[in-house]
Amino acid sequence: MLEVENLSVSYGAVRALKGVSLRAETGSITAVLGANGAGKTTLLRAISGLVSTQTGTVRFGSRTLTGMPVERIVQSGVGHVPEGGSVITELTVAENLELGAAWRYGRRERARHLSEVYDLFPALKERSSQHASSLSGGERQMLAIGRAVVSHPSLLLLDEPSLGLAPIITANLMAVLLELTRQEDLTVLLVEQNARSALSIASWAVVINLGTVVVSDPAETVAADSDLRHHYLGF
Amino acid sequence: MRLFVNITLGGVAEGLIFASVALGLVLIFRATSIINFAQGAMAMLTTFIAFSVLGKGVGYWPAFLVALACGLLFGGVVQLTLVRPVQNKPPLNAVIVTFGLLILLEGVAGAIWGNTNRGFPAAFSQKGLVVGKTAIAFSHFDIFIVVAVLALSILVGVLFRFTTIGLRMRATAFAPEVARLLGVRVGRLLTLGWALAAVAGALAGLLVAPTSVFSPSYMDLILVYAFTAAVLGGLDSPLGALVGGLITGLALAYVGGYLGDSLQPIGALILLIVVLMIRPEGIFSRPTARRV
């Protein structure tokens, strides 16, 4: 279980997160929703150590992640897929995946874990030796997710995986995510603008507005509350 | 015709020396976006250390290895102590730090070994080979230069292309934040990058010293030529450093051979300007915006 308590982050004079607390259960997806600039991306970056926090703690399982360097946080089982996927376009598809697996597995073991990713996303297998720059938006997102899960993390942070994708591709991606979460008993924090598709697979939903948590409810409750949807989620 | 062949052969050997200094510049630039102005001075220092070791009466090869090992160590130490504090500061800070190091090292070397012109021994004979019945301007030592620089380039290429640490180094160069998110210890790799660059420099220092006067400032002009070579090759491509070095070496050899040695520095400058006008991103670089 991921427990975030009273987390605050400032960029200079701008307070991006003001005492955010939330929990995410193991084996399920927690959607983090809200408008642009609400602080969703900052929340993920604070959890994985990319930005330093002013107050608060992040605990995952028995570990306190706060204050650890990014590499160590990653190596304690946290996979972070940044916004836009940020696959390394100068490297091949296989090299991107190798890189994701390298901190955990030796050269021989990696092949097996790479083929697991190829089973999950067959489109990547055909392109394994091509540069990631040749991939479409959907394929890049698959690669970014594959690169994060190839090392079998226990916590997965996803920043807008549906960004710029066609609805059918988004739907497929969400289905794969749900399956992956159940299979691997993952804890998933899914940041999305596309609230509708996030709510379709999440069990819990947290809505952030101007750096604070305004709603924390089961996903069905949020999906069914039309006032709340209109007010914060725009659908 | 014989003149042309001799000039060309000399240009190749000279060019490969530029390439090994340029390789050091490129290894550092692609990983940290810093131009290491002290690249030549660091090589000068390791070569002077070899000079002192030679003076103790040990053979050439132990001294050669000592210089390379000192380069490895020195490069790492410089990164950890001087470069790391300015890594995420405005680029001018790093320029001043590496430039300051250049001046400091030349001063220190002058204080220890004196600012006199000396000679430095070569690993092999520098007398021109005889092909058929004609002597050519290419010696056993020139062959050694070719073999040593190509071996270093191949080693670096294999390291980057086929090893996990090379994959990490490439990832760090292209996308440091993403690399960190994939568990790469970026800080360590930057140190390693500087260490490798300093080894390439140390090799160049040992190769240049026998062919010129040997004094604390003997690498200065070489650095200018190597910088031309690195820019020509694209500043972030190791292969570009090699090709850029060869082009620069040949161009300068033709300028020197046909127009006179004193015009070589101007030749390098003209070459640099032409490259910056026609293809500012270099021959082998990914054309992207960058800060220099």
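**Ground rules.** This is a predicted model, where local features need pLDDT of at least 70, side-chain atom pairs count only at pLDDT 80 or more, and totals for chains, interfaces and linings use all residues. Residues are numbered from 1 along each chain as its sequence is written, while chains are lettered from A and ligands numbered from 1 in the order in which they are written.

**Entry: H1 and H5 of chain B.** I looked up the axes of helix H1 (residues 2-32) and helix H5 (residues 140-162) of chain B, which come within 9 Å and cross at roughly 30°. Helices here are DSSP runs (H or I, at least four residues), numbered from the N terminus. Axes are lines fitted to C-alpha atoms over the stretch in contact, with angles from 0 to 180 degrees between N-to-C directions. H1(B) brings residues including B:Leu16 and B:Leu23, and H5(B) brings B:Ile145 and B:Val149 among them. Contact means C-beta atoms, placed from the backbone, within 7 Å. I noted eleven nonpolar, two polar and one charged residues in this contact. (Ala, Val, Leu, Ile, Met, Phe, Trp, Tyr, Cys and Pro count as nonpolar, Asp, Glu, Lys and Arg as charged, the others, Gly among them, as polar.)

**Entry: H4 of chain A.** Next I checked helix H4 (residues 107-120) of chain A, whose buried residues are A:Arg110, A:Leu114 and A:Val117. Buried means 20 or more other C-beta atoms within 10 Å of the residue's own, exposed 12 or fewer, with C-beta atoms placed from the backbone. Seen down the axis of H4(A), the buried residues fall within an arc of 55°, so they line one face of the helix. The arc is that of the directions from the helix axis to the C-beta atoms. On the other side, I found A:Arg108 and A:Asp119 among the exposed residues. The cover over the buried residues of H4(A) includes H3, H5 and H6 of chain A.

**Entry: H3 of chain A.** H3(A) is mostly covered, with ten of its ten residues buried. Its cover includes H6 of chain B, together with H4, H5 and H6 of chain A.

**Entry: between the chains.** Finally, I looked at the contact of the two chains, which takes 16 residues from chain B and 20 residues from chain A. On chain B's side, H6(B) gives the largest share, six residues.

Note on methods. Helices (H or I, at least four residues) and strands (E, at least two) are DSSP runs, numbered from the N terminus.
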